[in-house]
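Colleague: I am new to this structure. Please take me through the terms as they come up.

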Amino acid sequence: MKDKNHSQKPTHSATAIAHPNIAFIKYWGNRDDALRLPLNSSLSMNLDGLETRTTISFDESLNADSLTLNGILQEGAGLARVSAFLDSARELAVQRGILKPELQKRYFAQVVSENSFPAGAGIASSASAFAALAMAVDGALGLNLPEAQLSRLARLGSGSASRSIPTGFVEWHAGQDDESSYAESFAPPSHWDLVDMVVIVDRGHKQVGSSQGHPLARTSPLNELRVAGVDERLKVCKNAILARDFEAFAWATELDSEWMHAVMRTSTPSLRYWTELTELILWQVRYWRQQGHALCTTVDAGPNVHVIGTQNELDFALPALKALPGVMDVIVARPGAGAGLI
Ligand code: DP6
């Protein structure tokens, strides 16, 4: 969506939407932190109903990039991360002959972004944030990148954002280099009516964010063992999704989350994200599964628990989870689409 106005200094703007995603097979640790080339491939589902909406306007008359997030003008690390990402996008635009080389260092942008889900809800906002931003940049500058390249661009902002570009159920191929590390869809949202019930037990911001956590993975003696087993778990998980086999899906998903947290805990310094309540919910869901319910769990870099189930479990699980002592809220999300321009 190009908006060339008729003043002497043209602006290019576009608005995009992206959803966060939940990883069933996790990304933890990079082979190359700057390019966000992961140690292993990962698997996820986009989360419908939760979204980031981002508008970007490039304008020759601006002196610097700016970022407004949920109505608040950002400075410091948040702005620096977005600006670094925009530098990559400007470089790409020059390479593709879309931006004049003399403009590369001074074609600044205003970025305005809103999340429909609460901050600190245990839902990684960097995934939807950088997927929406990559999409908006593509639209504003008229890059017309194919999906795999958009996914690579989003990856430079946040690894998990690469998975929020394609639709539905998604695999991020670790790849060997920048070109081969991107995500693609292997099933549409309608393929399997799973629900993600995000159980909020803590609204505080995490002490150590993912970007600071990834470099610590290598300090764990368990890291190599985890990475060595990922491909097998990924194969089981992907086949289970394709066959809608909940039992196999639950096995691979829970085991993979356990492995990631084992690596986190045995890193130096040790990362310990779970609280007593996290443990309680993991036990409770395991018990319900033993009683015959199609429910399982996965936990990201925080204490909140994603309880994944089939749609027909919602009537049982939602009130049961809400009734557990200490549970603050439960956010329900279904399989979602990829990023798109509006
Ligand atoms: C635990 O994608 O948030 O959620 O690339 O530094 O932005 P950066 O990290 P990020 O890491 C996600 C880690 C995770 C697992 C996952 O989503 O695969």
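Modeller: The count between domain 1 and domain 2 comes to two salt bridges. This is a predicted model, where local features need pLDDT of at least 70 and side-chain atom pairs count only at pLDDT 80 or more, while totals for chains, interfaces and linings use all residues. Residues are numbered from 1 along each chain as its sequence is written, and side-chain values use heavy atoms, with hydrogens and water left out.

Colleague: What makes the pair of D300 and K26 a salt bridge?

Modeller: The term requires a side-chain nitrogen of Lys or Arg within 4 Å of a carboxyl oxygen of Asp or Glu. In D300 and K26 the closest N and O atoms are 2.6 Å apart, so the pair is a salt bridge.

Colleague: How much area do domain 1 and domain 2 bury between them?

Modeller: About 3,300 Å², with 68% of it on carbon and sulfur atoms. Buried area is the accessible area (1.4 Å probe) that two parts lose on being put together, summed over both. In domain 1, the residues losing the most area to domain 2 are F24, K26 and W28, together 27% of what that side buries.

Colleague: Why is the ligand said to lie between the domains?

Modeller: Domain 1 and domain 2 both give residues to the shell around the ligand, so it lies between them. The ligand is surrounded by 16 residues, the closest being R81, S158, G159, S160 and S211; a residue is near if one of its heavy atoms lies within 4 Å.

Colleague: Which distance separates a polar side-chain atom of R81 from an oxygen atom of the ligand?

Modeller: For R81 the distance is 2.7 Å. For the side chain of R36, an N or O atom is 2.8 Å from a ligand oxygen.

Notes. Polar contact = N/O pair within 3.5 Å; in protein donor to acceptor, adjacent residues only side chain to side chain. Domains from an automatic or database assignment.
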